[in-house]
Amino acid sequence: MKHRADIKALINKFLDGRTTLAEERELYDYFASDDLPREWHDLKAMFAWYGDGMPEDRLPKPAPQPRRSHRAKWWIATGSIAAAIALMVWLVPERSADVDIVDIYEGSYVIEGGVYCDNLDDIEDDIETLLMRADEMERHADSLLALAD
Amino acid sequence: MKRLLIIVAMVAIAAIECQAQERIDELLNRELNGGTTVYRMAVKRDAESGEIIKRVRELRSTGNRALSKEFLEAFDAERESADGWEENRNSNARQITAVWTNPKRIYTIIATGSTLAVYAQTIYREERDDK
């Protein structure tokens, strides 16, 4: 059984996207156990989902809304939702479209000359260029697999 | 007995496929902070669910022929386990694309003279084109 510090290091490595396949399987096996430190209970479901191959039918679904039997509760709920939406519109800056684009690259980083940078505003061009190249390589790889078949 | 042998063979093949690409991954992790390297990690997520579609690592190095040789040897060592393989070479350049399925991983190396570029991508799922 791996020492707790080793598991913590592997978790950080996984979240950085640097784990090998064997290390990922080690994490899946570790988190399959019921005997986990309390602070890692929230990670159990995540690693179980990754370990099962990320099945789409197990994506989190929104909780069913309870039926409201009293009109007053309905009005209070509606008013609260409307107030929350108004507050979000007021607080969220107009760059929300840019925020969405940046978020899909969360976890990306660049290390150049020993200097680490994960500021997505600074590295977005690099990341997009790399992903475009990767997509071309994937299409080429698919043609190789088709030939191999 | 025959069934047992088939099961043992399948387990051995699965173990080999798990070890495949590990030499290349180990070199990439080792060179993460190499002084002559540029290292990029690109993560692409689904905009709605946030789940990861693919991860791509890129390593670039100049003036380090020994590193180029190490990576090329790592690729050569894992050729037999690859599900797809393509190699092009001329007098001063060599390019290899190696593909493994289940999980889908694509590794590419381009070594020309003293420059090196290595790409390693893991595809977790197909990108939905439902926008």
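**View 1. Strands β2(B) and β6(B) pair in the antiparallel sense over 9 bridges.** Helices (H or I, at least four residues) and strands (E, at least two) are DSSP runs, numbered from the N terminus, and two strands pair if DSSP finds at least two bridges between them. E58(B) stands opposite Y119(B) in β6(B). β2(B) is mostly covered, with 8 of its 11 residues buried. A residue is buried if 20 or more other C-beta atoms lie within 10 Å of its own, exposed if 12 or fewer, and partly exposed in between, the C-beta atoms being placed from the backbone. This is a predicted model, in which local features need pLDDT of at least 70 and side-chain atom pairs count only at pLDDT 80 or more, while totals for chains, interfaces and linings use all residues. Residues are numbered from 1 along each chain as its sequence is written, and chains are lettered from A and ligands numbered from 1 in the order in which they are written.

**View 2. A hairpin is formed by β1(B) and β2(B).** These strands pair in the antiparallel sense over 9 bridges. K44(B) has K54(B) as its bridge partner in β2(B). The hairpin has 6 residues between the strands, and there G50(B) takes a positive phi near 80°.

**View 3. An open sheet of 8 strands takes in strands of chain A and chain B.** Its order is β2(A)-β1(A)-β1(B)-β2(B)-β6(B)-β5(B)-β4(B)-β3(B), with antiparallel pairing. The edge strands, β2 (115-117) of chain A and β3 of chain B, each pair on one side only. From one strand to the next, the twist averages 10°. Helix α3 (residues 65-77) of chain B packs on the sheet and touches β2, β4, β5 and β6 of chain B; its direction makes about 140° with that of β5(B). Such axes are lines fitted to C-alpha atoms, for helices over the stretch in contact, and angles run from 0 to 180 degrees between N-to-C directions. Two residues are in contact if their C-beta atoms, placed from the backbone, lie within 7 Å.

**View 4. Strand β1 (residues 109-112) of chain A is joined to β1(B) by 4 bridges.** The two strands run antiparallel. V110(A) has R40(B) as its bridge partner in β1(B). The contact between the chains takes 30 residues from chain A and 35 residues from chain B. On the chain B side, the elements that give two or more residues are α2 (22-30), β1 (37-45), β2 (52-62), β3 (84-89), β4 (93-100), β5 (104-112) and β6 (115-123). β1(B) gives the most to this side, with 8 residues. By class, the side of chain B that touches chain A has 14 nonpolar, 9 polar and 12 charged residues. Ala, Val, Leu, Ile, Met, Phe, Trp, Tyr, Cys and Pro count as nonpolar, Asp, Glu, Lys and Arg as charged, and the others, Gly among them, as polar.

**View 5. Y116(A) lies in strand β2 of chain A.** Y116(A) is exposed, because 11 other C-beta atoms lie within 10 Å. Not counting residues up to four places away in sequence, Y116(A) touches Y109(A) and I111(A).

**View 6. The loop between β4 and β5 of chain B holds N102(B) and P103(B).** T97(B) has T108(B) as its bridge partner in β5(B). A cis peptide bond joins N102(B) and P103(B), with omega about -5°. N102(B) is not a glycine, yet has a positive phi of about 55°. Most residues other than glycine have a negative phi, and most peptide bonds are trans. N102(B) is exposed, with 9 other C-beta atoms within 10 Å.

**View 7. Helix α2 (residues 21-32) of chain A packs with helix α3 (residues 41-51) of chain A.** The contact is made by L27(A), Y28(A), F31(A) and A32(A) of α2(A), and by L43(A), K44(A), F47(A), A48(A), Y50(A) and G51(A) of α3(A). By class, this contact has 8 nonpolar, 1 polar and 1 charged residues.
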